[in-house]
Amino acid sequence: MQRRSFINQAGIAGILAAGAAPAIVHAQTTIRWRLASSFPKSLDTIYGAAETFTKKVADMSGGKFQISVHAGGELMKPFEVVDAVQNASVEMAHTAPYYFFGKDETFAIGCAIPFGLNSRQTTAWMMEGNGLKLMREFYAKYNIINFPGGNTGVQMGGWYKKPLKSVADMKGLRMRIGGFAGRVIERLGAVPQAIPGGEIYAALEKGTIDAAEWVGPYDDQKLGFHKVASTYHYPAWWEGGPQLDFFINNKAFNALPNEYKGMIETAAYMAHVEMQAKYDARNPTALKQLAAQKVNLAPMPKDVMDAAFKASQEIYADLNAKNPNWRKVYTDYAKFLKDQNLWFRFTEARYDSYMQNAKL
């Protein structure tokens, strides 16, 4: 299993961190890499995962392994980082894999697909299921090895200048939406727009788009969406548990000493856990603050979700028939999702439902 591989590779990093064998690291020459992020520096949660990662690598290596972080647009456009890693223009990137579904829809499964796994289920599939193995086989076609690099948890369903009352309101709606979900809302009559996070506010303010989604209250408040759109729908049926990834050029990674490989894996998992913790800790306060500013918090209409669910299943069936990369990964993903939903129905869902209605 990938988890056992992680423990074996990271073991020496743990020894080094404890100070038992500093000579191994100090014998290495200094290595300097560049990391291209798809995110702006202003978002300390999602951009910050890369900073957490690079700091831990530097700490564990005694400063011998330095990785500089570059915000989206600094070295290249936010949606060009896969090409950069594939072509070795940079050694690594931090991004949302579903941004690149235009290359192959299979990229989306590595992040989030509509009505897919939630955050915990995604981590389970990656670490104890076949997820990491299957995605790495796919990413190898692009000279990439991936490491989980964070998760936001279930996201909010976005900001709308006019509230959605029914699926009919989707017709003609110009919406910034991330990843694969754009193909689903197209079938509902909407017009998806691919816009980097740092450019969404201006598009909403100018009226270039009618609605936009990003992550959730903490980030959305920072980006100021509530100033230009009053309705905040929930949940994002297209992002039940989107996983971010660290993409590393295969040749660059394979050239590293084993102890440095272990450090990368250890640091990635710390960044992965920390991002989810930050969002879970900070979103409640931000949501209360937004509500106090008279934001219209509104559930996503059920007929919108029903129509989106039907459309997504039709798309998946089409892809199973025509994209062998998709079929190989999705077949395993869908089976895991079915089993996870059965388990969560008896445990998490019932517990959460009770607690969310209890008077604390």
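**Close-up views of pockets, helix packing and sheet**

**View 1. Lining of the largest pocket in the predicted model.** By class, 18 nonpolar, 13 polar and 5 charged residues form the lining of the largest pocket. This lining comprises 36 residues, and those lying nearest the pocket centre are Leu117, Asn118, Gln121, Val154 and Gly240. Two or more lining residues are given by each of α6 (119-127), α12 (258-292), α13 (302-322), α14 (324-346) and α15 (348-357). Of the elements, α14 gives the most, with 7 residues. The space in the largest pocket amounts to about 1000 Å³.

**View 2. The second largest pocket and its lining.** About 250 Å³ of space lies in this second largest pocket. Its lining is made up of 14 residues, with Val154, Met156, Pro217, Asp280 and Asn283 nearest the centre. Helix α12 supplies the largest share of the lining, 5 residues. The class composition of the second largest pocket is 7 nonpolar, 6 polar and 1 charged residues.

**View 3. Packing of α14 against α15.** The axes of α14 and α15 lie 3 Å apart and form an angle of about 40°. The two helices, α14 and α15, are therefore oblique to each other. On the α14 side, the contact is made by Phe344, Arg345 and Phe346, which meet Glu348, Ala349 and Arg350 of α15. Classified by residue type, this contact of α14 with α15 holds 3 nonpolar and 3 charged residues, and no polar ones.

**View 4. The open sheet of 5 strands.** The strands follow the order β2-β1-β3-β10-β4, and their pairing is mixed. At the edges stand β2 (65-70) and β4 (144-151), each of which pairs on one side only. On average, and with direction ignored, neighbouring strands of the sheet are turned by 25° against each other.

**View 5. Pairing of β1 with β2.** Strand β1, residues 31-37, pairs with β2 in the parallel sense, and the pairing extends over 6 bridges. Within this view, Ile31 stands opposite Phe65 of β2. Strand β2 is also one of the edge strands of the sheet.

**View 6. Helix α7 across the sheet strands β4 and β10.** Helix α7, residues 131-139, lies across β4 and β10 (243-249). The helix runs at about 130° to β4. In the strand order of the sheet, β10 stands between β3 and β4, and β4 is an edge strand.

Terms used. Residues numbered from 1 in each chain as written. Predicted model: local features only at pLDDT ≥ 70, side-chain atom pairs only at ≥ 80, totals over all residues. Heavy atoms only, no water. 1 Å grid on protein atoms, 1.4 Å probe; cavity = no way out; pocket = protein on both sides within 12 Å on 5 of 7 lines; lining within 4 Å. Points joined across faces, edges and corners; volume = space filled by probe spheres on them. Helix = DSSP H or I, 4+ residues; strand = E, 2+ residues; numbered from the N terminus. Nonpolar A, V, L, I, M, F, W, Y, C, P; charged D, E, K, R; others polar. Axes fitted to C-alpha atoms, helices over the stretch in contact; angles between N-to-C directions. Parallel < 35°, antiparallel > 145°, perpendicular 65-115°, else oblique. Contact = heavy atoms within 4.5 Å. Pairing = 2+ DSSP bridges.
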